Amino acid sequence: MALTAKWLKTAQNAINGDPAFRALGSVDVEMGIKVGSAAFLVTFGGFTCHDVRKIKVAQLRDADFVVEMSQDGWDSFLEGRTTGTGATLAELDNVDGVVKAINPRKKLDFLRYHLSVQAFIDAGARAEAGARAA
């Protein structure tokens, strides 16, 4: 389950059309995601995901926080979320420290928006599982 721009855009499309995502509240954050050597910047504003783009690892410095995992860790995380047996990103961060930030205030951005971030990732995992089942 490689992290790709297509995967992220599928998650973006799913949440942007989902009233349940809007109900989680306004989200104003730039989230970096680094899985293996692949890096992406996901921009949320208001009640939607505005942009998803592939970036160079050095550009992760522009993110408010970065979710960073190995490929195996990402695969395991998504599998658990898809089957309903896996930890949330917040729980995983408490155990493995997968969310990085340049300062404590930026780390609080993750904690403030973690339900929306989790909904975004879960939407991508569900879409991928549906595509594999089809």
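Predicted model: local features only at pLDDT ≥ 70, side-chain atom pairs only at ≥ 80, totals over all residues.
Local features were considered at pLDDT of at least 70 and side-chain atom pairs only at pLDDT 80 or more, while totals for chains, interfaces and linings use all residues. Residues are numbered from 1 along each chain as its sequence is written, and side-chain values rest on heavy atoms, with hydrogens and water left out.

The secondary structure comprises 5 helices and 5 strands, where helices (H or I, at least four residues) and strands (E, at least two) are DSSP runs numbered from the N terminus. From that terminus the elements follow the order α-α-β-β-β-β-α-α-β-α. The C-alpha trace spans about 40 × 30 × 25 Å along its principal axes. For 134 residues, a compact globule would have a radius of gyration near 14 Å, and the value of 14 Å for the protein agrees; this radius is taken over C-alpha atoms, and the globule rule is 2.2 Å times the number of residues to the power 0.38. Of the 134 residues, 43% count as buried (buried means under 20% relative accessible area, exposed over 50%, and partly exposed in between, with a 1.4 Å probe and protein chains only). Among contacts (heavy atoms within 4.5 Å) with a separation of 6 or more, residues 24 or more positions apart account for 62%.

The 5 strands form an open sheet of mixed pairing in the order S3-S2-S1-S4-S5, two strands being paired if DSSP finds at least two bridges between them. Strands S3 (48-55) and S5 (99-100) stand at the edges with a single partner strand each, so one side of each lacks a neighbour in the sheet. Helix H1 (residues 5-16) packs on the sheet, touching S1 (29-35), S2 (38-45) and S3, and its direction makes about 175° with that of S3; axes are lines fitted to C-alpha atoms, for helices over the stretch in contact, and angles between N-to-C directions run from 0 to 180 degrees. Helix H3 (residues 71-83) lies across S1 and S4 and runs at about 95° to S4.

Strand S2 is antiparallel to S1, with 7 bridges joining the two, and Gly-32 has Leu-41 as its bridge partner in S2. S2 and S3 are likewise antiparallel over 7 bridges, with Cys-49 in S3 as the bridge partner of Phe-44. S1 and S2 form a hairpin with 2 residues between them, and Gly-36 in the turn has a positive phi of about 60°. A hairpin with 2 residues between its strands is also formed by S2 and S3, where Gly-46 in the turn has a positive phi of about 70°. In S2, 8 of the 8 residues are buried, so the strand is largely enclosed by the rest of the structure. Ala-38, Phe-40, Val-42 and Phe-44 point one way from S2, and Ala-39, Leu-41, Thr-43 and Gly-45 the other way. At the other end of the strand order, S4 (residues 65-69) and S5 run antiparallel and are joined by 2 bridges, and Val-66 has Lys-100 as its bridge partner in S5.

Asp-64 lies in the loop between S3 and S4 and, at 14% relative accessibility, counts as buried. Its side chain reaches the backbone nitrogen of Glu-30 at 2.7 Å. The side chains of Asp-64 and Lys-106 are joined by a polar contact of 2.8 Å (a pair of N or O atoms within 3.5 Å; within protein, one must be able to donate a hydrogen and the other to accept it, and residues adjacent in sequence count only if both atoms are side-chain atoms). His-114, in helix H5 (residues 104-133), is partly exposed, with a relative accessible area of 26%.
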